[in-house]
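Student: I have a sequence and a structure to read. Could you take me through the features one at a time?

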Amino acid sequence: LEPENLTVTHSESSTQQVTVALTFDECLYGFELRDGTCTCSKLIDSLTCNNNNCELYRTGNIWIGLINSIQCIATQSCPNDYCRRGNVEFTIEMPDPQCALNRSGVLCGECDKGLSLMLGSNRCGECDNSYIALVILFGLA
């Protein structure tokens, strides 16, 4: 970030002003500033980071991602088998690599674009018209 100027005025004498140039260091989501360097946040269990390329790694059956509406990082146990288990590489801004079964979104709760939930399964896939045969079969019964 660019240095910002902060003007401080003493309350007893408004004629004295001191201007201080401050530089704010900003770390990406999932990282925190320690000793002048952005390093992996220790606030999130099961999270490790690659400080060189800003990628995150998580283990276990949890989902970690950014909730844009409230600008907050969320961690939650992943429902059913929606998430990939084991060591997964992702970024907070792009959490979908954590998802299994062609799923995406917050807590892997959506199907990837162009796919739909498969009947009787948690898997997402392409739709076809084979269900019509079932409808006809049940209609004849």
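Tutor: Begin with contacts, meaning heavy atoms within 4.5 Å. Among contacts in the protein chain between residues at least 6 apart in sequence, 30% join residues at least 24 apart. This is a predicted model, where local features need pLDDT of at least 70, side-chain atom pairs count only at pLDDT 80 or more, and totals for chains, interfaces and linings use all residues. Residues are numbered from 1 along each chain as its sequence is written, and side-chain values use heavy atoms, with hydrogens and water left out.

Student: How many helices and strands does the protein chain have?

Tutor: Helices (H or I, at least four residues) and strands (E, at least two) are DSSP runs, numbered from the N terminus. The protein chain has 13 strands and one helix.

Student: What is the order of the strands in the open sheet of three strands?

Tutor: Two strands pair if DSSP finds at least two bridges between them. In this sheet the order is S5-S6-S9, and the pairing is antiparallel. Strand S5 (47-50) and strand S9 (88-90) are the edge strands, each pairing on one side only. S5 pairs with strand S6 (residues 55-58) over four bridges; within that pairing, Thr48 has Tyr57 in S6 as its bridge partner. The hairpin of S5 and S6 has four residues between the strands, and Cys54 there takes a positive phi near 65 degrees.

Student: Which residues form the largest nonpolar core?

Tutor: A nonpolar core is a set of buried Ala, Val, Leu, Ile, Met, Phe, Trp, Tyr and Cys residues joined through side-chain atoms within 4.5 Å. The largest has twelve residues, including Leu47, Cys49, Leu56, Ile62, Ile64, Leu66 and Phe90. S5 and strand S7 (62-67) are the elements that give two or more residues to this core. The largest share, three residues, comes from S7. A second, separate core has seven residues, among them Ile67, Cys78, Cys83 and Cys108.

Technical notes. Buried < 20%, exposed > 50% of the residue type's maximum accessible area, 1.4 Å probe, protein only.
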